[in-house]
Structures are given as structure tokens and as C-alpha cells.
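Hi everyone, thanks for coming. I'd like to walk you through one structure today, so please have a look at the screen.

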Amino acid sequence: MDAEYLIEVPGEANPLTEGILYHVLRSAASNDPQQIQTGTKQLQKWETHKGYYSLLQAVFVDKSLPLEVRYLAIIQLKNGIDKYWRKTATNAVSKEDKALIRSRLLESGINEANPRLALQNSLAIAKIVRFEFPNDWPDAITQLIQILRSSTAPNASRLHLPRCLLILLHIIKELSTGRLMRTRANLQSVTPEIFHVLGQIYIEKVQRWQAFLRDGGDDEGGALEDIEQSLLAIKVLRRLLITGYEFPNRDKDVQEFWGIVRDQFGDFLPIALLEDSPLSPDVQQLIGKHLVQLAKLHLEMARVHPAAFVLLPDSLSLVRAYWGLIAKLGETFGSKTAVASSKIGTDGDADEDETPIIEKICLKGLLLIRACLSMVFYPAQTFKYRHAEEKEEKARATQLVKSDLLTEDLVREMMSTIVSRFFVFRLSDLRAWEEEPDEWEKREDGGEDYELSIRPCSEKLFLDLAKNFKGLVIQPLLQVFYSVATPENEDILFKDSVYTAIGLSADVLHEHLDFDAFISSTLVVEVQKQKPGYNILRRRIAILLGQWISIKVSEQSKPLVYEIFRHLLDNSDPLNDQVVRVTAGRQFKNIADEWEFKAVNFKPFTPDILTRLMALIGEVELPETKMALLHTISSLVERLEHHITPYADRIISLLPPLWEQSGEEHLMKQSILTVLSRLINAMKADSRIYHSQFIPIIRSSIEPGSDTQVYLLEDALDLWSSILAQTPSAPEPAPPDLLSLLPHLLPLFSLGTDTLRKSLEITESYLLLSPATVLADDFRNALLKSLAELLGNLKPDANGIVTHLVECVVRGASGFGGEAAVQVLVGDMLSSSFLAKLLAGLHGGWQLHQSHGPNRSAPDHAVDGVVETDYFSVLARIGLASPRVLFDAIASISNGGAEATLDWLLEEWFGHFENIGDGPSRKLVALALTRLLELGQPWILGRLQSLMTLWTDVVSELTDGLDDKSVDCLHWPDAPSAEELPTEPEAPEDVRRRELIYSDPVHRINLIVFIREHLQAAIQAAGGEKAFQEEWLERVDKDVVTAFGALGIL
């Protein structure tokens, strides 16, 4: 059959057989794009077909087929395991196929000669073992152990042992990463047997290749195999020791093995470090890799099982040996011989592609010392408290580290070595500074993980020591500092390292060092010195000031700090090379972000520093560096507030090229949107001349299906919110392009909590800016429908934002068109089911409160607590605006009649009143319920006792402590006085919100007068005091009447 035909007909027409699958795999693995595309599509269609994965395995195990076809087959099988092996997966692999695949896995794995295929098959086996061991494949590990035992027999295939080790390595990796306790427990159950067999194999292999290296022999190939296999074995054993034992120190086999590898560490080290070694580079490198694995074992044991690490044989002497290596490395690390001791590349520089083995081991040693410090000083992060024996082990381990390792002499030696050796630049650092300034600066600024490099790791260790051994650190450090911190001392590299230490320990030294005097007497002078090498010190001074600014720099010294940065950013000074200026640009963010930064004090320096920062962004090439400098400008914009206005044009003109250059780099675009938001907020209403430029950016970022919505939505919403907040109020008309964005809000309500919260806030901003637009027929009903969908599906705080918005809408309608507008709005609340859902929630709450006992269950949609308060607040706003509209709305959706609904609703409302916490909400409810008296209906007059109790509570609360009991404390004057208004420019929205608060009936109405007037009107409507007394007041408890009477309202 023609293979081309096979992959061109529809998938359903292709029966799934091994032969056809082979042809399709061959096409998908070809070099022809058309064949690859059609072949891949066919494979995707077969993914859910029964028998597909067992046939893939059949192709893989057939060694007569081409390698590329077999490779694609095992890749497809491995990927399918992730998707379809779980029993709960849709279209899961059948039991029969699983059994067939399992039966061939190990045999095919140990006999696969090709390393690439063997690796992929090992990964597939590991994934299956994680799913199926021990329940569905109980003998998986037992089979492997049997293979492991037999593979060391004299007549065994030389392929079996390395392949078995490879499979075992990936199984242990897979089981080690399992988060479920069951997965870890499964691994721990088989660990002792694996460890016993594999440990013996490892020790024998090491002994054999050590004997060969020592005594020589003919079987060089066999010795190389032994080294490779012992390396695989120690990789497995390292993981087994960490994740396979709960308490490694309590196992005798582990204790014995720990001692053996401790000795091996000392044996391997001189072989791996020997220069001009007679061994081939490959062999020396393999032995070096053994050392790295042992170092990883030491470090992981100290991190994962800290107490066990300390209590295992000779561990603390091992840590001291690591420090000995580190100190030895320090002898050349920061000196001129550092490059000479490394391999020299073809360009005469150190070969940076491969870190020297001594540095790898010393890096692990530094991390190991940090782990030991954590055991003592940060135990909560390291130890888990369980049984008494564990507590005793933890206490013993901690005491041993304190007494036997962290001695005063060792701590002093570590501090001294770190400062004098590892903080000092190497010649290779300085060469990289000159040749690749942007890359070097980015790496030094923290772009490099401290666990991957000696210098940043030594900084972390220094910081740990400085914080936890203050008594030992402060005086020696100050002594060194005073000896070098004078303009006359020109030992630049050492001075740089001392300043590094002073910067890192600012938290520790601030009470012992007069940093202000140091700035004026030394830094100001040093930063102006025109001598070769002083660019190193200028860079360090920028970092040092950034570290100390928030710790201890006086107000009087800050102008000096600003002046230093102005000088460091000046590109006309030849010593201010790009590294110096970029470092100053980055560090100035710390200066601007400092808590007590005052825009007025910085104003004289603003033009130069801003101009130089913007020029520097144009000069550097790395996007990460541009973004870091943009963050500095962004912080300055925020801190300068309205003082930034004169520079707005230049800042905005800087951004479009950056936007274009960023391409698909969305982090840069996010930073740009943040700058724009901050600029608009800083400029207040003056920013309106720029608003129209930013509307298209917002629109493109919020449109459904937009490529950028996922990345830019949050920042675009912030920008949108800022523009709304700074748009002037009436009589200036709201910009049409800004109003045109309003419909885009509603789809955002369904995009998650954070987006919803911001979208609701923006909706409220529109309501404040242009109520007519939000209340217009073409938007109002759609808004209420969207809000109705949210009710009952949100957390309490998000629900509160929804109900608050609806309260504002009710107030907006009332202010815009009085009772008629409220009636239209409530009609929409009915048609959108918003009001029905709200009442259903309250009815569920009422039903919940009617039932008692341990077995009571909450009805669907029942609300309680703060959510119930929010629901009643919406009803209160409607009732306060128009009690008639509220009554008619309730009547229109009441199945059993309006009075029946009002009966349970008022019972719940009065009953819930005591759970309303804040005064304004309590007064709002009191006002609304009082207004219901206007309707003169028995269902409200019959609850006069509840009303009087409520009035007594609220009025007593709101007049408590006042001399004048005739006015409640929430009754405010018409507007705030001039003295109460801010003196700085305000955001127009802040003014609108203040007006909203001051116009709130809660603050416009005096509750005491309001109650008096409504009660008097109710008495008159009932036919006078006598009729009112006989018909309604007689039903009220005398104590309630007395308490209300004591208020003096009537």
C-alpha cells in the first residue's frame, strides 16, 4: 500500500495496524514539512484509539526499523503516558494495553543499545512506575533488583548494568518528586533492599577503577565503564539516601556508607584537582563528577535531614574540610594569579564554559555552611517537630553545630576570608566589565542565582554570619573599615570589598557607624577622583548608598546623596563608564523608594537625573537593563507627584520606541503601562491632554481574544482606572473615546476575582464621572444582568464590591431622576433577576435561622453574616429612595402575596440588625425601615416594637458622648471646610467621591428629626394619638416604650 495515500486520506479511513503506524511514523519523522504535518495529524487522531500505545511500543522494540522511527515511537508513547495512563483520564489506556506494555518495558530497556532511545524508554518506565507501583505493578522494583543482581554476573551482558542503573535513576527521580505521602511511602518501603544491592555494586566498581588507576592494567575500556557505572550508581544512591529514609542517621547501612563516601571524597579530590594529570581529561572529568555528586549528597542531607546530617559519622569534620578547601581557593580567588590557575582559553582569558571543579565543590561547601547556620538560627524553616526522639536529636544536633563547628575562631576566619578574598574582583571580572559591560552588569546585579556562583553565595553567607554573630563581627569589621575608608587609601580592589561588607551589614552596623560623616568626608571625595580604576569604586558607592538610604541617612545628607548620583549618571566624565551609570540608574530606585523621600527636596536635581536616566535607556542594549532603568523612572514619577508635570512630554516620548522594540516581550510592555499609570496619577487633571493617546492601548489590551489580553490586562486596567480618576468632572464633558470603552467592561466580570474587583471599581468610576452614560438604557440593563450572574458565586469581600456598586447605581438614579428613575432602575433589577436572586438569598438565610440543632442544613443560596448585611443595604437604598417602589417590587415577585413575603423579610431584617457592625450601615437601615411608615400598612405598624427597639439602639449609639443629643454624630454639614481640604492638587475623582459621601442621605439626614417626623405622621394617619395608642402602641412592651421615650424624640 502506498505510504503517501495512507497519510492523505481522512484519519477514520486509516485502520490502526503496526505496518500502517510504521509508515505514518516514518512520514512524521521525515524532513518534508508536508509529510511531517500530515503524519503528525494522523498520530494525534490515533491518540485515543485502543491499541495505539502498545503498537507504538512494538515499533520501538523492533530493532530492524530505522532509529528515527523508533525514537518518534518512544517519544509518542512517553507523552501519551502523561495524558492517558491515569485510570481517571478521558480515553484512558485500556487494562489490556497497559499489561502488554508493562510486560515488554524492562526487557526492552536493558537491551537497548542506543543511548537516546534508552533514555526516553527509561523516562517512560519511570512515569508508569509512579502511576502503577505498587498496586497495579507490584513486582516492578523486585524485577529491577533481580536484573541488577544478575547484571553483575561474569557472563552478563555489559549493557544490562548501565541500562538498569539508568532506569532505576529515573524511577527514583520520579518517585522522589511525588508530593503525595503515599508515593514517598512506596519509595521508602523498597529503599533498604535497593540500597543494599546498589551500594555494594557502587563500592565494588569504585574499588575496581581505583585499583586500575593505582596499579595499571590492560582493560582500560573496562575501567572507564566502571567509572561511568559508579557515577550512575552514586546518582541513584544520593537520591535514595535523601528521600528513601525518614531518619537516615538511624540506619546502620547508611552510617557505614556515609563513612565510606566520606573517605572517597578525600581520595577523589586530589585526582580531580591534579594539574597536568597523567589521566585523560575525560577520566579526570568523570572523577570530578563523582565529587560533585558527593557534594550534592552532603548538601541535600544537611537541608532535608539537618539533624541526621549532623549525627552521621564525621559530618562536622567534613564541613570543616570543606571550609579548608574554600580557604585554599580564597588564596588565589581574588588575586592576580586567579586567571593563571584556571584553564586559559584561546583568547587568553579563563575558559568560562566550564567552571573549575574546585569552584563547584567550594560553592557546595559555602551552601553547606549556610545550611548548618540555618539549623541553629532558623530552625523553624529546617526542623519538623514530631516525636520525643526527634526533638532530642534536633537539640543534640543544634548543640553540636554550635559547640563543635561555629566556634568564634572559625566564624572570625570565615568573615575575614570572605571579605578579603571572595569580595575582591578577579581579573576575569574586570575583563568582562570592559568587554561585555551590559551582560556583566546584569549578572552582577543579581541576575545570577547565588547558588550558581561563588561571589553572590559568599555574600549570602557573610550576611548570615553578620546577622547572627554581631558581637564577633562589628568591631573587626569597623576596624578594617576605618583603616581603608579614607580618600588617601587607594587600594581600590580591597576598598571595594570592604565597602561591599559595609553595605551588606548596614542593618547590623547602623548604630555603630556615623554614615552621614562617611558620606561627606569620604564618599563625596572618592566619587570625584580622576584616577584609573576608580570606576570600580564609583559603582560600589552607588550600591552602598542604595543599601544604606533606608537604614540611616539623615535628611541633611540626602542632598549630598542626590548630588553623588547626579555626578555618577554624567556620561561626560570618562570614569562614569556604562557599568557605573547603569548601576547608579538601578540603585537610584532605592533612593526614590525610600520612605521619607520628599519631592520638594529633590526638585533641584530632577532635570539632570531624569534626563540622564532617559538618555541611558536609549544607550543600553539589553531589554532587561532598559526595563530596570524604566522601573527607576517609574518610581521617580510616583514619588515626585505633580512636580513631574514639566517632564511628562519627554517621558512619554521615550516610551513608543521601547514598546516597538519589545516585540513579544510583554514584561517591558507591562512596565510601560505602569509608568503611564503613575504619570497620569502624578499629574492629576493636567494629564488629560495625554489621555486620548492611551485609549487605543487600553482597548487592544482588553478586547476578548486579544493576543495581549493575558499579559497586559491587569496593567491596562490600572491605566484605565488612572485615566478615569484624573478626568475632570462636569461641566467639562467626559471624552467620547473614554466613554466608548464602557461596554468592554462587562465581559471582564467573568475573568476571575482580581480582574472582577478592578472592573467593578472602574464601573463605579464611570458612574461618578458620567452617571447618565452608565444609567442609559443601552448599558444599564446589561450591567444589572452581569451583576445578577455574579450574585451568590463570590467570596464575601468581592460580593461586597458588587452590592456597593448597586447601591451607588440606586443613588445615581435617585439623584439623576428622582423616584421615577428609581422605578425604572428597579424594573430592570426585576427583569434581570438581580432582585429575585437577592431576595432568594435572604429567604434562605431566614430559613436557616428558623432551624436549630446539629443536623440543620443551609438551603441553597442562603446568605449570612456580612453578605446578608450587604444584601439588606441594597434594599435599604431602594427603600430610602422610594418605599413605594420597594413595596411594588417585592409584591411583583412574591408567590404567596406581598404581605407574606414582607412578613419573613422584616422578621429577618430586624433580626439581623444586631449583626450589622458599622454605624453608617446601621443608620442606613434605620432610615429605610423608618420610611416604610409612610405606607401606613399594618405589616410595618405591627412591628412598632421592633422599630422602637431599633431606634433606641441606633440613636443611643450615634449620640453617645455628645453634649447635643438632638443631632446624631453622622449628620454632617453641607461640605467640608477649607481647612479640612487638601492643600496639594487633588485627583478629580477624589473630589467626586468626597461629594458622593457628603451627599449621602446617611450624612444629610438627622436621624432624630427623621424619626420624629415619620412617627408623628404615622400617628396622624392612624387618627391621632388616642387611636394610635389603642391600635398599635398598646402592643409594644412597656419597657421598650420607656427606653424609647427616654431619648426625648417625642
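Let me begin with a word we need: a residue is called buried when its relative accessible area is under 20%. Hold on to that cut-off for helix 39, which covers residues 753-769. Of its 17 residues, 12 are buried, so helix 39 is largely enclosed by the rest of the structure. Among those buried residues are Thr-755, Leu-756, Ser-759, Leu-760 and Tyr-766. Glu-764 is on that list as well.

Now the whole picture. Please keep in mind that this is a predicted model. The chain has 1050 residues, and 53% of them count as buried. How many helices and strands are there in the chain? There are 54 helices and zero strands. Along the principal axes, the C-alpha atoms fill a box of roughly 125 × 85 × 65 Å. If you take the contacts between residues at least 6 apart in sequence, 75% of them join residues at least 24 apart.

One stretch comes with a label. An unreviewed UniProt entry annotates residues 39-111 as "domain: Importin N-terminal". In the model, that span is 71% helix and 0% strand, and its end C-alpha atoms lie 29 Å apart.

Next, let's see how two helices meet. Helix 19, residues 408-422, and helix 22 have axes that come within 10 Å and cross at roughly 145°. Their crossing is left-handed. On the helix 19 side, the contact is made by Val-411, Met-414, Met-415, Ile-418, Val-419 and Phe-422. Helix 22 contributes residues including Ile-454, Ser-458, Leu-461 and Leu-465. Look at the spacing of those numbers, and recall a general point: an α-helix has 3.6 residues a turn, so residues three or four places apart point the same way.

Helix 22 also takes us to the salt bridges. A search of the whole structure finds 57 of them. In one, Arg-370 pairs with Asp-464, and the closest N and O atoms are 2.6 Å apart. Which parts of the chain does this pair link? Arg-370 sits in helix 16 (residues 357-377) and Asp-464 in helix 22 (residues 454-468), 94 residues apart. Both Arg-370 and Asp-464 are buried.

With Glu-807, Arg-877 forms a salt bridge whose closest N and O atoms are 3.0 Å apart. Arg-877 counts as buried because its relative accessibility is 10%, and Glu-807 is buried with a relative accessible area of 11%. Asp-1000 also forms a salt bridge with Arg-877, with the closest N and O atoms 2.9 Å apart. Asp-1000 lies in the loop between helix 50 and helix 51 while Arg-877 is in helix 44, so this pair ties together parts that are 123 residues apart in sequence. Asp-1000 is buried too.

Salt bridges can also share partners: Glu-555, Lys-558, Glu-594, Glu-596 and Lys-598 are joined into one network that way. Let's zoom in on Glu-594, in the loop between helix 29 (578-593) and helix 30 (599-602). Is Glu-594 buried or exposed? At 7% relative accessibility, Glu-594 counts as buried. Leaving aside neighbours within four places in sequence, Glu-594 is in contact with Ile-549, Ser-550, Lys-558 and Arg-639.

Last, a few backbone details in loops. The peptide bond from Phe-133 to Pro-134 is cis, with omega near 5°. Pro-134 is placed in the loop between helix 7 and helix 8. Asp-276 has a positive phi, near 55°, in a residue other than glycine. Its loop runs between helix 12 and helix 13, and Asp-276 is exposed, with a relative accessible area of 80%. Asp-314 has a positive phi as well, near 60°. You'll find Asp-314 in the loop between helix 14 and helix 15, and Asp-314 is exposed at 53% relative accessible area.

That's my tour, so over to you for questions!

Note on methods: Residues are numbered from 1 along each chain as its sequence is written. This is a predicted model: local features need pLDDT of at least 70, side-chain atom pairs count only at pLDDT 80 or more; totals for chains, interfaces and linings use all residues. Side-chain values use heavy atoms; hydrogens and water are left out. A salt bridge is a side-chain nitrogen of Lys or Arg within 4 Å of a carboxyl oxygen of Asp or Glu. Helices (H or I, at least four residues) and strands (E, at least two) are DSSP runs, numbered from the N terminus. Buried means under 20% relative accessible area, exposed over 50%, partly exposed in between (1.4 Å probe, protein chains only). The expected span of a helix is 1.5 Å times one less than its number of residues. UniProt positions are given in the numbering used here, feature names are shortened, and annotations may be inferred rather than shown by experiment. Axes are lines fitted to C-alpha atoms, for helices over the stretch in contact, and angles run from 0 to 180 degrees between N-to-C directions. A crossing is left-handed if the near helix is turned anticlockwise from the far one by less than a right angle, and right-handed if clockwise. Contact means heavy atoms within 4.5 Å.
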